[in-house]
Amino acid sequence: PTSAPSAAPSKSPSVSTSSPVKAPSKAPSKSPVKAPSKAPSKAPITSAPTKAPVKTPSKAPSASPTEGCKDDSVFTFDLTLGGTGTVNCAWITKNASKAEIRKNKYCGDIVIKTKCKK
């Protein structure tokens, strides 16, 4: 063996690569096995609505509940903002001149809001 590569390959290719054996066809070599169907192969998973709505929407809801809402009679909370002591839900509206201020101050707390509904 020599250390330098030879100038030409030692063997000729076994298959001629100068041109394809056959010209490419324009059509597929096999026809489709089945003809396309006109109907879906499976039924739809969901069905379409069966009826349109029959009633128009009711009037808009009120800003706050007006019936059936009661304060939790055993719930109490600590006055944390500018006061001391423990009060119940009735305290919020007990003094009519302070009711709006107290609602704004304490009813933002989700626990108080869900327990004191009046």
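One term before we start. A residue is buried when its relative accessible area is under 20%. Exposed means over 50%, and partly exposed is in between. Keep in mind that this is a predicted model.

Now find Phe77 and Trp91. Both are buried. How far apart are the ring centres of Phe77 and Trp91, and at what angle are their planes? The centres are 6.4 Å apart and the planes stand at 75°. Planes over 60 degrees apart count as edge-to-face, so Phe77 and Trp91 form an edge-to-face pair.

Where do these two sit? Phe77 is in strand E1, residues 76-78. Trp91 is in helix H1, residues 90-94. The pair therefore ties together parts that are 14 residues apart in sequence.

Stay on Trp91. Its ring also pairs with the ring of Tyr106. Here the centres are 5.5 Å apart and the planes are at 80°, so this pair is edge-to-face as well. Tyr106 belongs to helix H2, residues 99-106, while Trp91 lies in helix H1. So this pair ties together parts 15 residues apart in sequence.

Why does Trp91 count as buried? Because its relative accessible area is 18%, and the cut-off is under 20%. Tyr106 has a value of 5%, so Tyr106 is buried too.

Phe75, Phe77, Trp91 and Tyr106 make up one aromatic cluster. Across the whole structure, the search finds four aromatic pairs. The charged end of Arg102 sits over the Trp91 ring, 3.9 Å from the ring centre.

On to the cavity. Rolling a probe the size of a water molecule over the atoms shows where empty space is left. How many cavities of 30 Å³ or more does a search of the whole structure find? One. The largest cavity holds about 30 Å³ of space.

Which residues line the largest cavity? They are Asp71, Cys89, Ile92, Thr93, Cys116, Lys117 and Lys118. By class, that lining has three nonpolar, one polar and three charged residues.

Take Asp71 from that list. Asp71 is in the segment before E1. Is Asp71 buried or exposed? Asp71 has a relative accessibility of 19%, so it counts as buried. The Asp71 side chain reaches the backbone nitrogen of Lys117 at 2.8 Å. Both Asp71 and Lys117 are among the residues lining the largest cavity.

Methods
Residues numbered from 1 in each chain as written. Predicted model: local features only at pLDDT ≥ 70, side-chain atom pairs only at ≥ 80, totals over all residues. Heavy atoms only, no water. Phe/Tyr/Trp six-rings, centres within 6.5 Å; stacked < 30°, edge-to-face > 60°. Helix = DSSP H or I, 4+ residues; strand = E, 2+ residues; numbered from the N terminus. Buried < 20%, exposed > 50% of the residue type's maximum accessible area, 1.4 Å probe, protein only. Lys NZ or Arg CZ within 6 Å of the ring centre and 35° of its normal. 1 Å grid on protein atoms, 1.4 Å probe; cavity = no way out; pocket = protein on both sides within 12 Å on 5 of 7 lines; lining within 4 Å. Points joined across faces, edges and corners; volume = space filled by probe spheres on them. Nonpolar A, V, L, I, M, F, W, Y, C, P; charged D, E, K, R; others polar. Polar contact = N/O pair within 3.5 Å; in protein donor to acceptor, adjacent residues only side chain to side chain.
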